[in-house]
Amino acid sequence: MARAAVRAELAQVAFELFLRDGFDKVTLDDLASAAGVSRSTFLRYFGTKEDAVLGAFDAHGGWVADALRARPADEDDWTALRRALDTVIQRYHQDPAGSLATAQLVRDTPALCARQLEKQHGWRPTLARALAERHGTSGPPGLAETVRAAAALDCLDVALDHWTASDGDLDLVALLDEAFATLA
């Protein structure tokens, strides 16, 4: 089995165990046992329990930045940021129930919530650089690009919070659009 497939299978086993027993009650030994692998094997794929849930989000910052660079040059930054975030929202359309369960687990588990915010904080410079590149700037991004990137990620978080709190009844795209419109 390819490494990515094993990683995905281990992540799925971990996710199901976290949902059933609660994130804080599940140990690394529990995860390894449920997956039928040794603890050291599990740790080769995921350095922490948090990574077993959030590892799938690692590439999202790069995806959003690539989508931002691909937006039309004459589009304003705020609209380009909103449209670029569709790459992240796409997963929610493909698997609404799974996405909601993941979002609720993350939001309801302080360790996961903190780690997710840390990951998103790491996306900020990548998005700010992509915005600067859209303006033809080769140097480091300026304050304006950094603030816009941070605000866009905060809009995403607020929309996700409201969507999760509604148990998925509210439309995530509409919430994200509304969050962006509020700051526009």
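Author: Contact here means heavy atoms within 4.5 Å. Helices (H or I, at least four residues) are DSSP runs numbered from the N terminus, as are strands (E, at least two). The model is predicted: local features need pLDDT of at least 70, side-chain atom pairs count only at pLDDT 80 or more, and totals for chains, interfaces and linings use all residues. Residues are numbered from 1 along each chain as its sequence is written, and side-chain values use heavy atoms, without hydrogens or water.

The part is the packing of helix 9 on helix 10. Helix 9 covers residues 110-134; helix 10 covers residues 143-165. Their axes lie 8 Å apart, at an angle of about 135°. (Axes are lines fitted to C-alpha atoms, for helices over the stretch in contact; angles run from 0 to 180 degrees between N-to-C directions.) Helix 9 is therefore oblique to helix 10. Under 35 degrees would be roughly parallel, over 145 roughly antiparallel, 65 to 115 roughly perpendicular; the rest is oblique.

Now the residues. Helix 9 brings Leu117, Gln120, Trp123, Arg124, Leu127, Ala128, Leu131 and Ala132 to the contact. Facing them in helix 10 are Glu145, Thr146, Arg148, Ala149, Ala150, Leu153, Leu156 and Asp157.

Helix 9 also holds Arg134. Arg134 has a relative accessible area of 19%, so this residue is buried (buried is under 20%, exposed over 50%, partly exposed in between, with a 1.4 Å probe and protein chains only). Leaving out residues up to four places away in sequence, Arg134 touches Leu68, Arg71, Pro72, Ala73, Glu75, Asp76, Asp77 and Ala80.

Trp163 is buried, at 6% relative accessible area. Tyr92 is buried as well, at 9%. The ring centres of Tyr92 and Trp163 are 5.2 Å apart and the planes stand at 90°, so this pair is edge-to-face. (Rings of Phe, Tyr and Trp, with the six-membered ring of Trp, pair if their centres lie within 6.5 Å; planes under 30 degrees apart are stacked, over 60 edge-to-face, the rest tilted.) Tyr92 belongs to helix 7 (residues 86-94) and Trp163 to helix 10, so the pair ties together parts that are 71 residues apart in sequence.
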